[in-house]
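I opened this entry to keep track of what I looked up, item by item.

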Amino acid sequence: MIDVSNEFKAELDSGNRKYIVSAVLYTATQNYTITNSSIWENTFFIEDAVTQSGLFDIGTAVINKLTLGLNNITETYSNVNFQNALIIPQVGLVISGTGEVEQYQKGIFIVDDVIYDGSVIRLSCLDLMAM
């Protein structure tokens, strides 16, 4: 469970679902800050669970998965070697009263698969439990 501020909770309670997502990508040679505008619309998903669907298994753990589409229209990421890259995503909201963005880390993931799909690079990542 992620401990969030009362202001963040109030935004959620008021129906604010205009999430701002970002990430930091660590490759073997360089680090990248991935902003909300670099993420292709509707391609940011985190699948998380603690047990298999419909079952209650004692001692079972399920690996979390991050799926992310990078906007590569300007070929910013064309020469990036994503093999075994580390990615740390964050999800946030703009707080109405202050206008500030409040963000929270959603895990640490390793790039498992990369699909180059025209102007979009799709990253499939697994959390560190996969190691």
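How many aromatic pairs does the count come to? I worked on a predicted model, and the count there comes to two aromatic pairs.

**Entry 1, an aromatic pair.** I looked up the geometry of one of the two pairs. A pair of aromatic rings is described by the distance of the centres and the angle of the planes. For phenylalanine 8 and tyrosine 104 I noted ring centres 5.1 Å apart and planes at 85°. Planes over 60 degrees apart count as edge-to-face, so this pair is edge-to-face.

I then checked where the two residues sit. Phenylalanine 8 is in helix H1, residues 6-13, and tyrosine 104 is in strand S6, residues 101-105. The pair therefore ties together parts that are 96 residues apart in sequence. Buried or exposed? I found phenylalanine 8 buried, and tyrosine 104 is buried too.

Which strands pair with S8? One is strand S4, residues 65-71, which is antiparallel to S8 over seven bridges. Within this part of the record I picked out leucine 66, which stands opposite cysteine 125 in S8. Strand S7, residues 109-117, also pairs with S8 in the antiparallel sense, over eight bridges. Here I noted tyrosine 116, whose bridge partner in S8 is isoleucine 121.

S7 and S8 form a hairpin with two residues between the strands.

What is the volume of the largest pocket? I recorded about 410 Å³ of space. Its lining has 18 residues, and those nearest the centre are Arg17, Tyr19, Val21, Phe44 and Val91. By class I noted 11 nonpolar, three polar and four charged residues in this lining.

For the second largest pocket I recorded a volume of about 170 Å³. Which residues lie nearest its centre? They are Ile2, Asp48, Asn64, Lys106 and Gly107, out of a lining of 10 residues. I noted the classes as five nonpolar, two polar and three charged.

Definitions and conventions. Residues are numbered from 1 along each chain as its sequence is written. This is a predicted model: local features need pLDDT of at least 70, side-chain atom pairs count only at pLDDT 80 or more; totals for chains, interfaces and linings use all residues. Side-chain values use heavy atoms; hydrogens and water are left out. On a 1 Å grid over the protein atoms alone, a cavity is a set of points where a 1.4 Å probe fits but cannot get out, and a pocket is an open set with protein on both sides within 12 Å along at least five of seven lines; lining residues have an atom within 4 Å of a point. Grid points are joined across faces, edges and corners, and a volume is the space filled by probe spheres set on the points. Ala, Val, Leu, Ile, Met, Phe, Trp, Tyr, Cys and Pro count as nonpolar, Asp, Glu, Lys and Arg as charged, and the others, Gly among them, as polar. Rings of Phe, Tyr and Trp (its six-membered ring) pair if their centres lie within 6.5 Å; planes under 30 degrees apart count as stacked, over 60 as edge-to-face and the rest as tilted. Helices (H or I, at least four residues) and strands (E, at least two) are DSSP runs, numbered from the N terminus. Buried means under 20% relative accessible area, exposed over 50%, partly exposed in between (1.4 Å probe, protein chains only). Two strands pair if DSSP finds at least two bridges between them.
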